[in-house]
Amino acid sequence: MTDNARPTGELTLRTLAMPADANAAGDIFGGWVMAQMDLASGIRAAERARGRVVTAAVKEMAFQLPVKIGDTLNVYTEITRVGRTSITLNVEAWAHRARYRFLEKVTAGTFIMVALDEDGKPTPVPDEE
């Protein structure tokens, strides 16, 4: 890791950046990174909601560094707020630079997920057990 920085939250998703996910310069598309962050948010929020969730909003997201082909993208999630039907998460994406053996934070954002019932309508998030 660089500058003694450490990821915040729980490692929720790891995936490898492949050539099909990159532009001609070898940088991974930001939309791909954001999609991985959305997947991680959905995993963590669904576990907390004990059911189906959808993305309601993504806020405050900025890309700081590129992800390159061959990097392992590590996505960390931290639940910061549970509302009646919503779950807010801070999500960080870190690139494990395999050739150099260190982690670098590439982006972070706030994701808001909403719990849904069987009919696709917002439903209360259950209390923690």
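Before any reading, I wrote down my burial terms: buried means under 20% relative accessible area, exposed means over 50%, and partly exposed is in between (1.4 Å probe, protein chains only). This is a predicted model, in which local features need pLDDT of at least 70 and side-chain atom pairs count only at pLDDT 80 or more, while totals for chains, interfaces and linings use all residues. Residues are numbered from 1 along each chain as its sequence is written, and side-chain values use heavy atoms, with hydrogens and water left out.

**Entry: salt bridges**

Side chains of opposite charge can pair when their charged atoms come close. I counted a salt bridge when a side-chain nitrogen of Lys or Arg was within 4 Å of a carboxyl oxygen of Asp or Glu. How many salt bridges does the structure hold? I found 5.

I looked at glutamate 104 and arginine 97: they form a salt bridge, with the closest N and O atoms 2.9 Å apart. Both glutamate 104 and arginine 97 are buried. Salt bridges with shared partners join these two and Asp71 into one network.

Next I checked arginine 44 and glutamate 10, whose side chains meet in a salt bridge at 3.7 Å, N to O. Arginine 44 sits in helix 1 (residues 30-49) and glutamate 10 in strand 1 (residues 10-16), so I noted a link between distant parts of the chain, 34 residues apart. For these labels, helices (H or I, at least four residues) and strands (E, at least two) are DSSP runs, numbered from the N terminus. Arginine 44 counts as buried because its relative accessibility is 16%, and glutamate 10, at 40%, counts as partly exposed.

Then came aspartate 27 and lysine 68, a salt bridge with its closest N and O atoms 2.4 Å apart. Aspartate 27 lies in the loop between strand 1 and helix 1, and lysine 68 in the loop between strand 2 (53-63) and strand 3 (72-82), so this pair ties together parts 41 residues apart in sequence. I recorded both as partly exposed: aspartate 27 at 22% and lysine 68 at 35%.

**Entry: strand pairing**

I called two strands paired if DSSP finds at least two bridges between them. Strand 1 and strand 3 pair in the antiparallel sense over 6 bridges. Which residue of strand 3 is the bridge partner of glutamate 10? I found threonine 77.

Strand 3 is also joined to strand 4 (residues 86-97), antiparallel, by 10 bridges. Here valine 82 has isoleucine 87 in strand 4 as its bridge partner. I noted that strand 3 and strand 4 form a hairpin, with 3 residues between them.
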